[in-house]
Amino acid sequence: MKLSVLAPEKAGEMIPLIARYANSQNKVNDADFSPTTCITRLEEISRGLETPPASGVQYGTHWFYERARGQFLNQETGLTRAMKEQFLLKNPKSQLLTKTDIAKLENTAWLSP
C-alpha cells in the first residue's frame with residue numbers, strides 16, 4: 001500500500017497526477033481524471049429517469065451512464081439469470097453511455113467537436 005498525505009487545497013490537483021504516474025499495471029485514460037461533481041449528478045439522473053416506452057412495449061428503459069469503467073458489467077455480476085434479464089430489459093446495452101460519449105455529445109451540442 002502506498003499512502004500519500006496531502007493538504008486539502010492540493011488534493012484536487014495532486015491525486016490525479018499520483019494515480020496517473022503511479023499506475024503501471026492498468027491502463028489509465030485521461031477521461032478517468034475528469035471532475036466528478038456533475039458526473040455523479042448525471043449518474044443519478046440516468047438511474048432514476050425512464051425513457052418513454054417504445055412502440056409495442058409497456059415499460060420505459062434507462063440510459064445507463066457508466067461513471068467508472070466497468071460499472072455496467074459490475075451491476076450484472078452476481079445476479080441470477082432472471083434478475084440479469086430484468087436488469088438488461090431496464091438497462092439495454094445499446095443505451096450505455098460512457099464519459100467519452102458524454103464529452104462527444106457535449107462538444108457536438110456546443111458545435112466544437
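1. A salt bridge is a side-chain nitrogen of Lys or Arg within 4 Å of a carboxyl oxygen of Asp or Glu. Arginine 67 and glutamate 43 meet this rule, because their closest N and O atoms are 2.7 Å apart. The two residues come from distant parts of the chain: arginine 67 is in the loop between β1 and α3 (71-76), glutamate 43 is in helix α2, and 24 residues separate them. Note that the model is predicted.

2. Glutamate 43 has a relative accessibility of 12% and counts as buried. Arginine 67, with a relative accessible area of 29%, is partly exposed. The cut-off for buried is under 20%, so glutamate 43 falls below it.

3. How many salt bridges does the structure hold? The count is six. One of them joins glutamate 44 to arginine 41, with the closest N and O atoms 3.3 Å apart. Both residues are in helix α2, three residues apart, and are therefore separated by about one helical turn.

4. Another salt bridge joins glutamate 50 to lysine 90, where the closest N and O atoms are 2.5 Å apart. Glutamate 50 lies in the loop between α2 and β1, while lysine 90 lies in helix α4, so this pair ties together parts that are 40 residues apart in sequence. Glutamate 50 is partly exposed, at a relative accessible area of 42%.

5. The overall layout should be kept in view. The protein chain has five helices and two strands. Their order along the sequence is α-α-β-α-α-β-α. Of the 113 residues in the chain, 19% are buried. The protein chain exposes about 8900 Å², and carbon and sulfur atoms supply 59% of that area. Among contacts with a separation of 6 or more, 48% are between residues 24 or more positions apart.

6. The aromatic residues deserve a point of their own. There are three aromatic pairs. In one, phenylalanine 64 and phenylalanine 72 have ring centres 5.0 Å apart and ring planes at 90°, so the pair is edge-to-face. Edge-to-face requires planes over 60 degrees apart, which is why an angle of 90° qualifies. Phenylalanine 64 is buried at 1% relative accessible area, and phenylalanine 72 is buried at 3%.

7. Which kind of pair do phenylalanine 64 and phenylalanine 87 make? Their ring centres are 6.1 Å apart and their planes stand at 75°, so this pair is edge-to-face. Phenylalanine 64 is in strand β1 and phenylalanine 87 is in helix α4 (residues 81-90), so the pair ties together parts that are 23 residues apart in sequence. Both phenylalanine 64 and phenylalanine 87 are buried. Phe64, Phe72 and Phe87 form one aromatic cluster.

8. Arginine 47 lies over the face of phenylalanine 64, at 3.8 Å from the ring centre.

9. Is histidine 62 buried or exposed? Histidine 62 is buried, with a relative accessible area of 11%. The residue sits in the loop between α2 (37-48) and β1 (64-66). Leaving aside residues up to four places away in sequence, histidine 62 touches several others, including Arg47, Glu50 and Lys90. Glu50 and Lys90 are partners in the salt bridge of point 4.

10. The segment before α1 (8-22) contains leucine 3. Leucine 3 is exposed, with a relative accessible area of 67%. Together, Met1, Leu3 and Val5 make a nonpolar surface patch of about 490 Å².

11. At the other end, leucine 111 lies in the segment after α5 (99-109). Most residues other than glycine have a negative phi. Leucine 111 is not a glycine, yet has a positive phi of about 55°. Leucine 111 is exposed, with a relative accessible area of 76%.

Technical notes:
Residues numbered from 1 in each chain as written. Predicted model: local features only at pLDDT ≥ 70, side-chain atom pairs only at ≥ 80, totals over all residues. Heavy atoms only, no water. Patch = residues over 30% accessible without salt bridge, like charges linked within 9 Å, V, L, I, M, F, W, Y side chains within 5 Å. Areas by Shrake-Rupley, 256 points an atom, 1.4 Å probe, with all protein chains shown as cover. Helix = DSSP H or I, 4+ residues; strand = E, 2+ residues; numbered from the N terminus. Buried < 20%, exposed > 50% of the residue type's maximum accessible area, 1.4 Å probe, protein only. Contact = heavy atoms within 4.5 Å. Phe/Tyr/Trp six-rings, centres within 6.5 Å; stacked < 30°, edge-to-face > 60°. Lys NZ or Arg CZ within 6 Å of the ring centre and 35° of its normal.
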